[in-house]
Amino acid sequence: MERQRNGAGGRGAKRAVGERSAEAASGARREGVPDPQLVEKAKRRRFTARYKLHILREADGCTRPGEIGALLRREGLYTSHISTWRKQREEGALGALSRRRGRKKADPVRAENEKLRRKLERTEAELAKARKVIEVQGNVSALLGELLRPKGDKADGSSEK
């Protein structure tokens, strides 16, 4: 008789993605056979300009039917690679073929200037606050001086009688 479980690992229990069952982990796997439950993340292939030009020269040299297909199968490429690389070659040879994708790197001088500009703005804001605090402290000091002065004393320090 099979014991009932609370859903934490019985047959048909739902598991997180990539988590293997106890049966699969116990050695039911044969050597050399990849685990079908774990999928490797595909990496984007990158081709150098030299490689692209080499393949284009070989493709341009193919004259008989089926030679380009054999080249593509041998190298693991698609026809779209060849057509894209030909367009790039026509536009600007190695410069277009080896062009890096993505956002261009920021100019370090410009980044440094921007950093210093932000620091200057913060410092000026702090200076303005400090000046206001000093002004308020001066006003409070003057007001307290008037309030604490004995009656009959003048502001110049002489007393009236």
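This report describes selected helices, the nonpolar core, the aromatic rings and the salt bridges of the structure above.

## Basis of the model

The model is a predicted one, in which local features need pLDDT of at least 70 and side-chain atom pairs count only at pLDDT 80 or more, while totals for chains, interfaces and linings use all residues. Residues are numbered from 1 along each chain as its sequence is written, and side-chain values use heavy atoms, with hydrogens and water left out.

Helices here are DSSP runs of H or I with at least four residues, just as strands are runs of E with at least two, and both are numbered from the N terminus. Helix H2 covers residues 49-61; its 13 residues reach 18 Å from the first C-alpha to the last, close to the 18 Å expected at 1.5 Å a residue, where the expected span is 1.5 Å times one less than the number of residues.

Burial is judged by relative accessible area, with buried meaning under 20%, exposed over 50% and partly exposed in between, for a 1.4 Å probe and protein chains only. By this rule, Ala 49, Lys 52, Leu 53, Ile 55, Leu 56 and Ala 59 of H2 are buried. They lie on the same side of H2, because they cover an arc of only 165° around the axis, the arc being that of the directions from the helix axis to the C-beta atoms. On the face turned away from this buried side, H2 carries the exposed residues Arg 50, Arg 57 and Gly 61.

## The largest nonpolar core

A nonpolar core is a set of buried Ala, Val, Leu, Ile, Met, Phe, Trp, Tyr and Cys residues joined through side-chain atoms within 4.5 Å. The largest such core has eight residues in all, namely Ile 55, Leu 56, Ala 59, Leu 71, Leu 72, Leu 77, Ile 82 and Trp 85. Helix H2, helix H3 (67-75) and helix H4 each supply at least two residues of this core, and H2 gives the most, with three residues.

Leu 72, one of the core residues, is in contact (heavy atoms within 4.5 Å) with Leu 77, Tyr 78, Thr 79 and Ile 82, once its neighbours within four places in sequence are left aside. His 81 is found in helix H4, which spans residues 79-97, and is buried, with a relative accessible area of 17%. Not counting residues up to four places away in sequence, His 81 touches Arg 45 and Phe 47.

## Aromatic pairs around Trp 85

Rings of Phe, Tyr and Trp (its six-membered ring) pair if their centres lie within 6.5 Å, and planes under 30 degrees apart count as stacked, over 60 as edge-to-face and the rest as tilted. A search of the whole structure finds three aromatic pairs. In one of them, the rings of Phe 47 and Trp 85 have centres 5.2 Å apart and planes at 70°, so the pair is edge-to-face. This pair links distant parts of the chain, 38 residues apart, with Phe 47 in the loop between helix H1 (22-25) and H2, and Trp 85 in helix H4. Phe 47 is partly exposed at 22% relative accessible area, whereas Trp 85 is buried at 4%.

The rings of Tyr 51 and Trp 85 are also edge-to-face, because their planes stand at 80°, with the centres 6.4 Å apart. Since Tyr 51 lies in helix H2 and Trp 85 in helix H4, this pair ties together parts that are 34 residues apart in sequence. Tyr 51 is partly exposed, with a relative accessible area of 22%, and Phe 47, Tyr 51 and Trp 85 form one aromatic cluster.

## Salt bridges

Side chains of opposite charge can pair when their charged atoms come close. A salt bridge is a side-chain nitrogen of Lys or Arg within 4 Å of a carboxyl oxygen of Asp or Glu, and by this rule the count comes to six. Arg 89 forms one with Asp 60, the closest N and O atoms being 3.0 Å apart. This pair links distant parts of the chain, 29 residues apart, with Arg 89 in helix H4 and Asp 60 in helix H2; Arg 89 is partly exposed at 29%, as is Asp 60 at 42%.

Another salt bridge joins the side chains of Glu 75 and Arg 74, at 3.4 Å from N to O, and a network of salt bridges links Glu 58, Arg 74 and Glu 75. Glu 75 counts as partly exposed at 26% relative accessibility, whereas Arg 74 is exposed at 53%. The side chains of Glu 114 and Arg 117 meet in a salt bridge of 3.0 Å, N to O, and the two are separated by about one helical turn because they are three residues apart in helix H5 (residues 108-148).
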